[in-house]
Amino acid sequence: MCGITGIYRVKSGEPVSKQELIPMTEALRHRGPDEYGYYINGNLGLGHSRLSIIDLSGGSQPVYNEDKSICVVFNGEIFNYIELRELLQTKGHRFYTSGDTETIVHAYEEFGADFVDHLNGQFAIALWDVKKRELILTRDRVGILPLYYSLLNDGTIIFASEMKGILASGLIHPEIDFAGVNQVFSLWVNIPPRTVFKGINELAPGKMLTISESGIKERRYWGYIFPGINEYEDKPLSYYTSRLEELIYDSVKLRLRADVTVASYLSGGLDSSIVSALVKKHHNRDLVTFSVGFSDEAFDERAWQMEMVNHIGTDHRMVNADYDSISASFSEVIFHAEKPMIRSAPAPLFILSRLVRENGIKVVLTGEGADEFFGGYNIFKEDMIRRFWARNPESVKRPKLLSALYPYVSRSGRGNAFWNSFFGKGLTDTGNPHYSHSIRWGNTSQVKRFFNDGLLDEGYDAASELEEYLSQDIMKWHPLCRAQYLEASLFLPGYLLSSQGDRMLMANSVEGRFPFLDHRVIEFAATIPPEYKIRGLNEKYILKKIYGGILPESISSRPKQPYRAPIARSFIDRDTIASSMFDGDTIRRYGYFNPESVELLLNKYRKNNGTSTGERNDMAIAGIVSMQLLHHHFIEKRSL
Amino acid sequence: MGSVQSATLTDLIITFLRENFIAARSLKEIKTDESLLDSGIIDSTGILELIMFLEDKFNITIEDEELMPENLDTIQNLVSFLSSKGV
């Protein structure tokens, strides 16, 4: 992977200099430490920092077409570049490199702006058409690779793979957008194009910007589509298992294309176990796998990881995450993530990618996406159970099924009445398009109470921005698809693939590849009837049907364990930058949070010996420390 | 009398039990007249999971008053009960 940057003074016509691009591009050096490349064409300049993975010696960027009338800088991988190159050669295009980047310029020549429909990959692309003096910015379908842009008052557009690249230009002053912060503390993520910085926009996944002297056009070239609730084809399970198996096999095969070693993450869960088992079985008998273990047993999955390692036989490396290492790394985590978060789980993945890099590996496969597209999350099952209960809201028996999902419901001293009230909120509002997520979002919003009064603009309502961003067809879909769509549109790109994905990988110059995120897999998964995704409360049923035979029973029948990391014990009263963010002076100086409320919260944990005092309080601890660190890096220290 | 064959319903339920409950998976045979609760194949929460699956599958709603052993505790009883609900 790489980093890309650029400036286009589209209205003023003033020239762009390489000197302007250098600090922007060098701010992304972690994304591509191997080489820098620049391109200047009058009032347009492009920058590129390269991590060499395909065509190691000849893959420098920018890359051009035959007469240099088209120029591209690109972050990512076009996995079908071999097939696409063959297709384009039959149409008369001549290639001067053997890498994947060049397929983009020739595909653009051949197909125009629809070139993106022909790409199977993960990408953020800046393409310059010299003759039209038109800049195209686009991003992959699901949001694996990031791309941000700012529009200045004089009509200049600047862009970069990470916001720090834009800030390094000095053309944008770092200032917090509290509506953006409000979104994170409600929905866990931002709704593109909004970010937590004023004036910096995120290009949404599946979208393309076209910038020329005639203006800026934005279009969605790809989006999630599910069948109508009664429009599923009447086909047997065997049809779906057979086709899906073919697609996943091909997706894995394409994602092993590289001129460097491709390793695999192995979390101990179903999805990365499937990916690793497939690679080992079909492609690489010397597979190297990586995992993270936790000193805190409540989060540790090493027993399952080792079971898989022994079952398929891999060369396995593990790093241990404890409270100290999570705490010590969290400052860097937020520097790379560039947004607050209500979890600490990215930190162990930052530590893990460091281990990968130390082992000389540049590329890893992971299991991301299977939970979204095959029904792996508890929030999907919670939605099912609440709808089951809502069919007879007076039932005293139906809500008891929640204890199958959340054992704490029956174990908790709070009693059934408390949990029935918690999960019963809005119970019969099943026509709400966000029904599946309304409890989560409402619960997260409680964390906003820790902010100083008036700061987050209590009149701000994310709902209207959300409605504008999301598909208008959502209510035509099955309830499971609605919930899947919310996860795939919001949490997947806004947190999992960014704060917990790309940013934690690229922080150590490691590229992630995600076989379940091949758009052919996603599009086919959308056509699979919901009962084959979650059967009863059996999640990812179809994956278990296909891959049960190559996995140990203990892995394929294991209930999903959400990937989490310890929060309070990692951050309270430790000798780290993260922990120092709770100092009363710092809290007061930064001015975001109410010092008394923060102190009360900390004391609550101290009295409880650091153990969790509830989900909301855990979210508050992570939210406070990460928001403070965001200020520390980008407002106070400006560590670019 | 419902529209789905009793044998088909019986197979559907047995497959569901085997795929969703570890205790059922380890049994060589699940007898259709054996108490699901007494045999330990399923617990009361498991019954609810099965009911949720059947409601979604056949688009029916089962009342609290119908959630009683004579309707649900054996596969035979379940099949008869579902037939009486028009399945």
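Leaving aside its neighbours within four places in sequence, which residues is W477(A) in contact with? The legends below start with that residue in this predicted model, then move on to the core and the interface.

**View 1. W477(A) and its surroundings.** Leaving aside neighbours within four places in sequence, W477(A) is in contact with Y224(A), I225(A), F226(A), P227(A), I229(A), S471(A), R482(A) and Y485(A). Is W477(A) buried or exposed? W477(A) counts as buried because its relative accessibility is 3%, and buried means under 20%.

**View 2. The largest nonpolar core.** Here we turn to a set of 248 residues, the largest nonpolar core, in which F115(A), L135(A) and F374(A) have the most contacts. Helix α18 of chain A, residues 479-496, gives the most to this core, with 11 residues. In soluble globular proteins, nonpolar side chains tend to be buried together.

**View 3. A closer look at F115(A).**

**View 4. Where chain A meets chain B.** Now for the contact between the two chains, which takes 22 residues from chain A and 19 residues from chain B. About 1800 Å² is buried between chain A and chain B, and carbon and sulfur atoms give 50% of that area. On the chain A side, R391(A), K397(A) and R535(A) together supply 29% of the area that chain A buries against chain B, more than any other three residues.

View 5. One to look for joins the side chains of R391(A) and D56(B), with 3.4 Å from N to O. There are also 15 residue pairs in polar contact across the interface.

**View 6. The side of chain A that touches chain B.** Three helices of chain A, α12 (378-390), α13 (402-405) and α21 (541-547), each supply at least two residues of this side. Of these, α12(A) gives the most, with 3 residues. By residue type, this side of chain A divides into 8 nonpolar, 6 polar and 8 charged residues.

Terms used
Residues numbered from 1 in each chain as written. Chains lettered and ligands numbered in written order. Predicted model: local features only at pLDDT ≥ 70, side-chain atom pairs only at ≥ 80, totals over all residues. Heavy atoms only, no water. Contact = heavy atoms within 4.5 Å. Buried area = accessible area lost by both parts, 1.4 Å probe. Salt bridge = Lys/Arg side-chain N within 4 Å of Asp/Glu carboxyl O. Polar contact = N/O pair within 3.5 Å; in protein donor to acceptor, adjacent residues only side chain to side chain. Helix = DSSP H or I, 4+ residues; strand = E, 2+ residues; numbered from the N terminus. Nonpolar A, V, L, I, M, F, W, Y, C, P; charged D, E, K, R; others polar. Core = buried A, V, L, I, M, F, W, Y, C linked by side-chain atoms within 4.5 Å. Buried < 20%, exposed > 50% of the residue type's maximum accessible area, 1.4 Å probe, protein only.
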